[in-house]
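Load the model and keep the selection panel open. The tour below goes stop by stop.

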Amino acid sequence: MKISKIDHIGIAVKDLKKVGSLYSDAFGLKVSDEIDAPERKLRIAFTEVSGVKLEFLMPTDKESVVAKFIDKRGEGIHHICFEVSDIEKAISELRDKGVELVDEKPRLGVEGDKIVFLQPMSTFGVLIELKEK
Ligand code: ZN
């Protein structure tokens with residue numbers, strides 16, 4: 001398996017507007033429009049620093065996994081996403097090495113790419129997302 005880069009870092013937030021203001025007004029970054037992801041019960045916005053995106057995840061429902069994350073651990077870094085060239089191959093290699101996955105098979109992320117999440121119990125507490133461009 002070959003990781004080509006960090007695609008983005010996911011950050012759990014309670015208020016997308018306030019976070020957007022901080023990153024645009026205080027940090028001088030360009031923050032995207034908000035994107036609805038109803039199937040994940042989230043609203044999402046992005047910004048980017050030298051090719052690495054920050055993905056701000058705001059739950060829209062208290063049953064969202066991100067809402068549960070915020071309840072337990074507070075706002076902050078939620079996951080890190082690595083870009084891979086062949087996600088199916090990466091999954092089978094990781095399975096062979098005993099790494100467990102959250103998803104059985106790749107699904108489509110908000111940006112339309114194939115993604116999969118690894119089980120944080122297998123990765124020392126870090127939720128890792130893999131994305132194939
Ligand atoms: Zn992500």
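Strands here are DSSP runs of E with at least two residues, and they are numbered from the N terminus. This is a predicted model.

**Stop 1: a loop residue**

Select K41. It sits in the loop that joins strand 2 (35-37) to strand 3 (42-49). Check its backbone: phi of K41 is positive, about 55°, and the residue is not a glycine. Most residues other than glycine have a negative phi. Is K41 buried, partly exposed or exposed? Its relative accessibility is 35%, so K41 counts as partly exposed, since that class lies between 20% and 50%.

**Stop 2: the next loop**

Move along to S50. This residue is in the loop between strand 3 and strand 4. Its phi is also positive, near 40°, and S50 is not a glycine either. S50 counts as exposed because its relative accessibility is 75%.

**Stop 3: the zinc ion**

Now select the zinc ion. Which residues coordinate it? They are H8 and H79 through NE2, and E55 and E129 through OE. The distances run from 2.0 to 2.3 Å. Along the sequence the donor residues follow the spacing H-x46-E-x23-H-x49-E.

Display the angles next. Why is the arrangement called irregular? The 4 donor atoms subtend angles of 86 to 173° around the zinc ion, which makes the arrangement irregular. A tetrahedral label would need all angles between 85 and 135 degrees.

E55 is buried because its relative accessibility is 3%. H79 is buried as well, with a relative accessible area of 1%.

**Stop 4: strand 8**

Select residues 128-132, which form strand 8. Of its 5 residues, 5 are buried, so the strand is largely enclosed by the rest of the structure. In a regular strand the side chains alternate between the two faces of the sheet. Turn the view to see both faces of strand 8. One side carries I128, L130 and E132, the other E129 and K131, and all of these are buried. E129 is also one of the zinc donors.

Then show the neighbouring strands. Strand 5 pairs with strand 8 in the parallel sense, over 5 bridges. Pick V84 to find one of the contacts: its bridge partner in strand 8 is E132. Strand 7 (residues 114-117) pairs with strand 8 in the antiparallel sense, over 4 bridges. Here V116 has L130 as its bridge partner.

**Stop 5: strand 7**

Stay on strand 7 and select I115, which lies in it. I115 counts as buried because its relative accessibility is 1%.

**Stop 6: the largest pocket**

Finish with the pocket surface. The largest pocket has a volume of about 670 Å³. Of the 24 residues that line this pocket, V65, F69, H78, P120 and L127 are the closest to its centre. Helix 2 (65-73) and strand 5 are the elements that give two or more residues to the lining. The largest share, 6 residues, comes from helix 2.

Colour the lining by residue class.

Technical notes:
Residues numbered from 1 in each chain as written. Predicted model: local features only at pLDDT ≥ 70, side-chain atom pairs only at ≥ 80, totals over all residues. Heavy atoms only, no water. Donors = N, O, S within 2.8 Å, 3.2 Å for Na, K, Ca; no water. Tetrahedral: all angles 85-135°; square planar, octahedral: opposite > 155°, others 65-115°. Buried < 20%, exposed > 50% of the residue type's maximum accessible area, 1.4 Å probe, protein only. 1 Å grid on protein atoms, 1.4 Å probe; cavity = no way out; pocket = protein on both sides within 12 Å on 5 of 7 lines; lining within 4 Å. Points joined across faces, edges and corners; volume = space filled by probe spheres on them. Pairing = 2+ DSSP bridges.
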